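Hello,

Here is the structure I promised to pass on to you. Have a look at it first, and then read my notes below.

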2 protein chains.
Amino acid sequence: MPNIRLGLDLYGGDNAPESTIQGAIFAIENYLPENAEIHLFGEAEGIGEKVAKYKNIRVIKAENQIDNNTKPIQVRRLPESSIYKGCLGLANKEIDAFISAGNTGALLAGGTFISGRLPGIKRPALALALPAKNNKIKILVDAGANAEVKPEFFYDFARIGIAYSKFMGTEDPKIAIMNIGTEEEKGSNLVKEASKILKENNLNYVGYREGRDIFNDDYDVALTDGFTGNMMLKTIEGTSYYIVDELKEIINRSSIFTKIGALMMKKALKGLKGKIDYRQYGGTFFLGVNGILVKAHGSSDPKAIANALNVAYKAVENKLIDNILI
Amino acid sequence: MPNIRLGLDLYGGDNAPESTIQGAIFAIENYLPENAEIHLFGEAEGIGEKVAKYKNIRVIKAENQIDNNTKPIQVRRLPESSIYKGCLGLANKEIDAFISAGNTGALLAGGTFISGRLPGIKRPALALALPAKNNKIKILVDAGANAEVKPEFFYDFARIGIAYSKFMGTEDPKIAIMNIGTEEEKGSNLVKEASKILKENNLNYVGYREGRDIFNDDYDVALTDGFTGNMMLKTIEGTSYYIVDELKEIINRSSIFTKIGALMMKKALKGLKGKIDYRQYGGTFFLGVNGILVKAHGSSDPKAIANALNVAYKAVENKLIDNILI
């Protein structure tokens with residue numbers, strides 16, 4: 001089996017470069033098989049020493065030129081930046097995957113304009129795995145890449161979502177369009193047109209679903225424009241945090257019996273927290289570009305970076321991209 | 001003080017007409033002062049007998065012609081229906097408020113085309129109160145009335161949201177536009193244009209907020225198009241139910257100690273459920289039309305109907321509508 005080459009943006013994220021270096025080492029030591037190579041894009045003091053003993057980690061020269069204030073449009077003018085070089089590495093097939101915890105907009109621009117789109121894909125999209133009832137997995141596309149969307153983009157989103165869902169183990173994924181009602185005549189012109197297009201193509205399309213159905217297990221892929229998708233995703237996040245905070249608050253104000261009860265339930269509450277944290281359910285892929293592009297969360301710690309490397313490795317190994325083109 | 005006349009759709013909702021009759025009686029007996037009149041729009045066997053002893057409840061003849069399959073456009077052709085008659089009652093000032101737990105689309109169409117819009121309002125919108133951190137209240141506009149929105153509608157949404165927020169006790173409500181990022185250049189063309197309009201007008205506009213900020217207490221009114229607003233609202237609902245279900249599931253599978261813990265925490269968990277149930281935080285108003293129009297939840301029980309009557313009464317008493325026009 002050929003080596004799988006995973007590019008990693010040394011500078012991406014709030015805790016970089018320390019978290020990315022440690023994440024790469026953690027992944028090599030715990031997750032990745034022999035044929036995995038990590039290409040660290042960037043320079044940091046003493047980095048050579050830190051990774052010297054890992055023959056599967058190499059350092060690629062790149063500069064720290066992109067931060068959270070960098071505008072997407074600027075990336076093309078920063079050819080020495082780690083994101084530019086990583087995305088170029090995908091285009092040139094020097095690496096099979098690129099992972100970054102850095103500026104999302106910059107990474108999406110790099111993927112689209114430097115890595116380049118796959119043939120037949122008009123709009124790459126952010127695809128993300130969420131938990132669903134009965135231990136199922138739901139794929140959400142587009143989770144925020146395209147704020148302005150035309151109906152025909154939904155066909156790309158559908159193929160991206162289906163490929164990701166299959167990668168996560170679903171055999172014949174059912175796809176649905178997120179809408180403000182399930183009846184035929186409900187919703188915006190965008191979703192109505194998109195629905196027609198999905199019906200015309202031979203996809204396993206099951207119709208509209210509402211926001212309250214996002215965790216239901218009767219469909220596998222939730223399709224939406226990037227604006228709505230991002231609003232939904234972050235609303236889930238906001239609601240989860242709010243509920244956990246309120247529960248803590250209620251317990252704090254409660255009687256000693258409630259507090260003892262909470263203590264006895266501690267493990268269950270921790271399990272709940274794990275259950276609703278979508279970050280553990282897979283990676284956030286920017287799919288539809290040349291190569292596997294993974295967006296790790298900005299606040300990633302070494303373990304989260306290692307997880308992202310692991311999921312990228314599996315996506316390459318299982319040919320996630322080939323599935324988009326079928 | 002003049003009488004406040006509250007119209008109530010006898011047929012609206014899954015449990016009608018029994019729940020609406022009982023709700024009207026419950027409201028008269030428990031919530032409403034002497035000067036409240038309830039006008040029940042509809043006929044049901046024996047209804048006269050049931051309400052005969054309440055001098056503040058009267059029955060207005062209307063027919064049960066609208067169900068969940070009725071299309072909004074059909075309402076105008078059903079002049080004997082309870083929704084048509086109620087909305088016409090608002091236009092003719094025969095009632096001050098109209099409450100229905102029936103077909104939302106039909107009610108919005110009735111409000112817009114039969115009650116009529118307030119002068120200076122282009123687009124009435126659904127406005128709804130959500131909980132926020134530190135026991136604050138957040139108003140969400142538009143929660144689903146307008147799926148297709150132009151930037152200038154946000155000015156109407158802002159005035160509607162401010163009026164509702166003041167009604168809920170906030171002195172100088174801060175308004176924000178929901179967006180997929182907080183930086184100036186982020187988001188769709190719609191929100192960018194809307195943001196300009198709000199800046200130009202002398203409103204207490206504090207900029208963009210993201211989906212994850214929906215429960216934050218640094219702003220009071222969340223503005224969005226009706227498609228996004230409805231998706232957010234129902235995503236909150238879906239997430240809340242999912243979390244509560246998962247927690248139950250985890251407890252069920254847990255040790256006897258966790259179960260005892262859960263038992264001891266029972267009251268706290270019930271408090272949580274009350275806290276996250278937005279239905280208790282006010283009503284869902286369709287604002288911008290002539291008169292107070294309240295949408296009660298389709299599955300309303302008598303107590304929910306009574307709550308809706310109560311909130312409608314207070315909205316009339318506190319001149320919620322006059323505040324929109326300032």
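**How the two chains meet**

Turning chain A by 180 degrees, with 0.0 Å of shift along the rotation axis, superposes it on chain B (RMSD 0.0 Å). That is the relation of a two-fold axis. Please keep in mind that this is a predicted model. To find the axis on your screen, look for A:Gly261: of the residues of chain A, its C-alpha comes closest to the rotation axis, at 1.7 Å. The same surface serves both copies, as 100% of the contact residues of chain A recur in chain B.

How many residues of chain A are in contact with chain B? There are 50, and they touch 50 residues of chain B. On the chain A side, H7, H8 (256–264) and H9 (266–276) each supply at least two residues. H7(A) gives the most, with 19 residues. Sorted by class, the side of chain A that touches chain B has 24 nonpolar, 15 polar and 11 charged residues.

Now for one pair of helices. Two packed helices are described by the angle between their axes and the distance between the axes. The axes of H7 (residues 226–252) of chain A and H9 (residues 266–276) of chain B come within 9 Å and cross at roughly 135 degrees. H7(A) and H9(B) are therefore oblique to each other, and their crossing is right-handed. Among the residues that meet here are A:Ile243, A:Leu247 and A:Ile250 from H7(A), with B:Ala268, B:Leu272 and B:Ile276 from H9(B). By class, this contact of H7(A) with H9(B) has 7 nonpolar, 1 polar and 2 charged residues.

Enjoy exploring!

Notes:
Residues are numbered from 1 along each chain as its sequence is written. Chains are lettered from A and ligands numbered from 1 in the order in which they are written. This is a predicted model: local features need pLDDT of at least 70, side-chain atom pairs count only at pLDDT 80 or more; totals for chains, interfaces and linings use all residues. Axes are lines fitted to C-alpha atoms, for helices over the stretch in contact, and angles run from 0 to 180 degrees between N-to-C directions. Helices (H or I, at least four residues) and strands (E, at least two) are DSSP runs, numbered from the N terminus. Angles under 35 degrees count as roughly parallel, over 145 as roughly antiparallel, 65 to 115 as roughly perpendicular and the rest as oblique. A crossing is left-handed if the near helix is turned anticlockwise from the far one by less than a right angle, and right-handed if clockwise. Two residues are in contact if their C-beta atoms, placed from the backbone, lie within 7 Å. Ala, Val, Leu, Ile, Met, Phe, Trp, Tyr, Cys and Pro count as nonpolar, Asp, Glu, Lys and Arg as charged, and the others, Gly among them, as polar. Copies are superposed by least squares on the C-alpha atoms of residues with pLDDT of at least 70 in both.
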